[in-house]
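Reader: I'm new to this one. Can you walk me through it?

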Amino acid sequence: FHLSNSYSEGGTWLDRIVCQRSDDGGITFSNGTTMGANAPHLQDKEWAAVDLTYSPYRNNIYTAWTQCGQNSYNNDEGASINPMDSASNIIFCFSSDAGDSWSQRKRINELSGAECSDAGATVLGAMPCVGLNGEVYVTWSSPYGIMMDRSTDGGVNWFDKDVKVADLPGNFKFSVPGVYRCFGFPS
């Protein structure tokens, strides 16, 4: 999985997620399939999980990431700090055919990030995982704390309310001497 852009379509920023697959142990990779394309919005920090349970959703691939507004990360200084920029949200897709195709993108968070900056006001670091019976859980950092949402039908439907699972004092961005940037994301 990686971020990509639509240069061939005139895009200039990362506006989609790509999944490339190897069927020969990593010697070669497919050209990839895309998900989440929504230009001119930035798609960022994708993570994936595979259902290895014996549920009806066995072998589904789940991915989640952050979508930021159209002006985010579109300047030389990095992330936009303009409060007029669009909110950030957690987006989810799944594949039930080994990544050959992907479901429609779906926003799963209830509470958006207040702005699309990297200063802790963004919802960021979405991490999917699979429960023992094939439930899908996604956690992420937000200005409201560490949040979670869940699906019990393979990612088709999600609970209406985000669940706050922990406080996040001071937000997810913190300083470590000698390190350019540090984010604390749930996993």
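Reader: How many salt bridges does a search of the whole structure find?

Author: Seven. A salt bridge here is a side-chain nitrogen of Lys or Arg within 4 Å of a carboxyl oxygen of Asp or Glu. Two notes before we go on. This is a predicted model, where local features need pLDDT of at least 70, side-chain atom pairs count only at pLDDT 80 or more, and totals for chains, interfaces and linings use all residues. Residues are numbered from 1 along each chain as its sequence is written, and side-chain values use heavy atoms, with hydrogens and water left out.

Reader: Why would such side chains pair?

Author: Side chains of opposite charge can pair when their charged atoms come close.

Reader: Which residue forms a salt bridge with Glu110?

Author: Lys161 does, and the closest N and O atoms are 3.3 Å apart. The pair links distant parts of the chain, 51 residues apart. Glu110 sits in the loop between β7 (106-107) and β8, and Lys161 in the loop between β10 and β11.

Reader: Is Lys161 buried or exposed?

Author: Lys161 counts as exposed, at 54% relative accessibility. Glu110 is partly exposed, at 32%. The cut-offs are these: buried is under 20% relative accessible area, exposed is over 50%, and partly exposed is in between, using a 1.4 Å probe and protein chains only.

Reader: Which residues are linked in a network of salt bridges?

Author: Arg21, Asp23 and Asp100. Between Arg21 and Asp23, the closest N and O atoms are 3.3 Å apart. Arg21 is partly exposed, with a relative accessible area of 30%. Asp23 counts as exposed at 66%.

Reader: What does Lys164 pair with?

Author: Lys164 forms a salt bridge with Asp167, with 2.7 Å between the closest N and O atoms. Lys164 is partly exposed at 46%, and Asp167 is exposed at 55%.

Reader: New topic: sheets. What is the strand order in the open sheet of four strands?

Author: The order is β8-β9-β10-β11, with antiparallel pairing. The edge strands are β8 and β11 (163-166), and each of them pairs on one side only. Neighbouring strands of this sheet are turned by 30° against each other on average, direction ignored. Those angles come from axes, which are lines fitted to C-alpha atoms (for helices, over the stretch in contact), and they run from 0 to 180 degrees between N-to-C directions. Two strands count as paired if DSSP finds at least two bridges between them.

Reader: How many bridges join β8 to β9?

Author: Five, and these two strands run antiparallel. Strand β9 covers residues 136-142. Met127 has Thr139 as its bridge partner in β9. Leu124 stands opposite Ser141 there.

Reader: What's between β8 and β9?

Author: Five residues, and the two strands form a hairpin. Gly134 in the turn has a positive phi of about 85°.

Reader: Why is β8 called largely enclosed?

Author: Five of the seven residues of β8 (residues 124-130) are buried, so the rest of the structure largely encloses this strand.

Reader: Where does Asp149 lie?

Author: In strand β10, residues 145-151. Asp149 is buried, with a relative accessible area of 0%. Leaving aside neighbours within four places in sequence, its contacts (heavy atoms within 4.5 Å) include Ile108, Tyr137, Trp140, Trp158 and Lys161.

Reader: And Arg16, buried or exposed?

Author: Arg16 is buried, at 11% relative accessible area. Arg16 lies in strand β2 (residues 14-19). The side chain of Arg16 makes a polar contact with that of Asp15, at 2.9 Å. A polar contact is a pair of N or O atoms within 3.5 Å; within protein, one must be able to donate a hydrogen and the other to accept it, and residues adjacent in sequence count only if both atoms are side-chain atoms. Gly36 is 20 residues from Arg16 in sequence, with 5.3 Å between their C-alpha atoms.

Reader: What does Cys182 touch?

Author: Not counting residues up to four places away in sequence, Cys182 touches Phe172, Lys173, Phe174 and Val176. Cys182 lies in strand β13 (residues 182-183).
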